[in-house]
Protein chains: 2
Amino acid sequence: MLLTKETYSSQVARIIRQMIRDGELQQGAPVKEAVLAARLSISRAPIREALQELTYEGLVTSEPQKGKRVRQLSDDDILNSYDVGAILEAAGVVDSLGDWSEGDMLRLRAVVDDMHNAAQTATDLSSMMNLDDLFHATLLQRCNNSRLVEMARLSCITISKVLCYKKWLTIFSPEGFAKRHQSIAEVVCAKNIRKVETMLRQHYREIGERVVAR
Amino acid sequence: MLLTKETYSSQVARIIRQMIRDGELQQGAPVKEAVLAARLSISRAPIREALQELTYEGLVTSEPQKGKRVRQLSDDDILNSYDVGAILEAAGVVDSLGDWSEGDMLRLRAVVDDMHNAAQTATDLSSMMNLDDLFHATLLQRCNNSRLVEMARLSCITISKVLCYKKWLTIFSPEGFAKRHQSIAEVVCAKNIRKVETMLRQHYREIGERVVAR
DNA sequence: TAATTGTTGGATGTCGACATTATGCAAAAT
DNA sequence: ATTTTGCATAATGTCGACATCCAACAATTA
């Protein structure tokens, strides 16, 4: 057993992310260090580090000497984030598609199958979100540009699935969601480069627009 | 006159960036908080915040409880960074090229002219680097995705022009550098979308390879 | 009354000190 | 001789307190 002696800062960052995701800290609301410190019974130092981390992730905005707030995403912010995510993911897939083996394609199709199953059993919707993460990670399974993978994740996954968590859960029907990803998987497995690019861009654009519409 | 009461942290971040760029802090070298604190005659707190900022910029690596070091870029890191920068910049230009006015094109050509002039007078090479920054910023002058612009900058400008500063100054002859950018400008002004994309990707790839070759 | 000027409370930025952890070396054991 | 054990040192992580700054309200003036 590997017991983790994690630093306070990173634990706090995770806790605050959860608080934002669950609506305990609402968008635009001020985030006061002393309040969090008291609540977690620790000093302000690790809180500040965690908030700085979240600031660089884009979940929190910071004005020196004035304070930090949970980021309030404008419609353009949301669309822009999804666009950047789409651009990077599409490029990553297209550039690495030549290296895909049969096994790689099977793996992608398996994720789609899981989505269909989840759409049937469908106890909670968050499992669908996990499958979505897995799907997009699988799309980049052969991408050897780790920086691209990281930035794609940072760009849309982090922001949209923390700040827009509740909206996210309602933008598609489970079946529709599975079908959309199946279409993408088919085009990818057919190695139709041109179509992969346009489909992914459109896929993200549509998600962005639906999130904005709420 | 607007006098700026800047926080220590951000000033320190800028100072450390300079130290890295100028080789005072070498790649892979440990960065000790106490040393910097003593040198700047301030406490460790602002130093820590600055180092965290640089960590998120990718200039510094951090291992909890072990310390921070100036990032040592592998060849792949460099190539990956430039690839991501190229992907984003190309997409940003292509998506916004329809909005370009005559004035926008004149502005881009003016930068190229300045490059040619600088190649003649050529007192110091760092002015060429500033023109390079300006050129690529001008390419994205009509891109309304601020997030894309920011991430493109973060991806390659920051890393390459801080960590690879000295190599960067020697990878092209001033004339060759100006000519390359002129070619790009011409294709952009012709609004040849397909070619813009391939040229930019190739441009960055070539820079990356030359930097690696040193 | 409206605008300007103290003033007060609260939050952030910074500090110095302590607690904890990692690394290297020396001593002891097999 | 090699490995293990146990310090000693130095660096980071965390703490509590102070200094500084911002925002809102009260007091003053025109």
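1. A quick word on terms before we look around: two residues are in contact when they have heavy atoms within 4.5 Å. By that rule, 10 residues of domain 1 of chain A touch eight residues of domain 2 of chain A. This is a predicted model, where local features need pLDDT of at least 70, side-chain atom pairs count only at pLDDT 80 or more, and totals for chains, interfaces and linings use all residues. Residues are numbered from 1 along each chain as its sequence is written, and chains are lettered from A in the order in which they are written.

2. The domain assignment of chain A, automatic or from a database, places domain 1 at 5-70 and domain 2 at 75-213. Their C-alpha centres are 28 Å apart.

3. Between these two domains of chain A, about 790 Å² is buried (accessible area, 1.4 Å probe, lost on putting the parts together and summed over both). Carbon and sulfur atoms give 67% of that area. On the domain 1 side, Arg21(A), Glu57(A) and Leu59(A) supply 57% of what this domain buries against domain 2, more than any other three residues.

Technical notes: Side-chain values use heavy atoms; hydrogens and water are left out.
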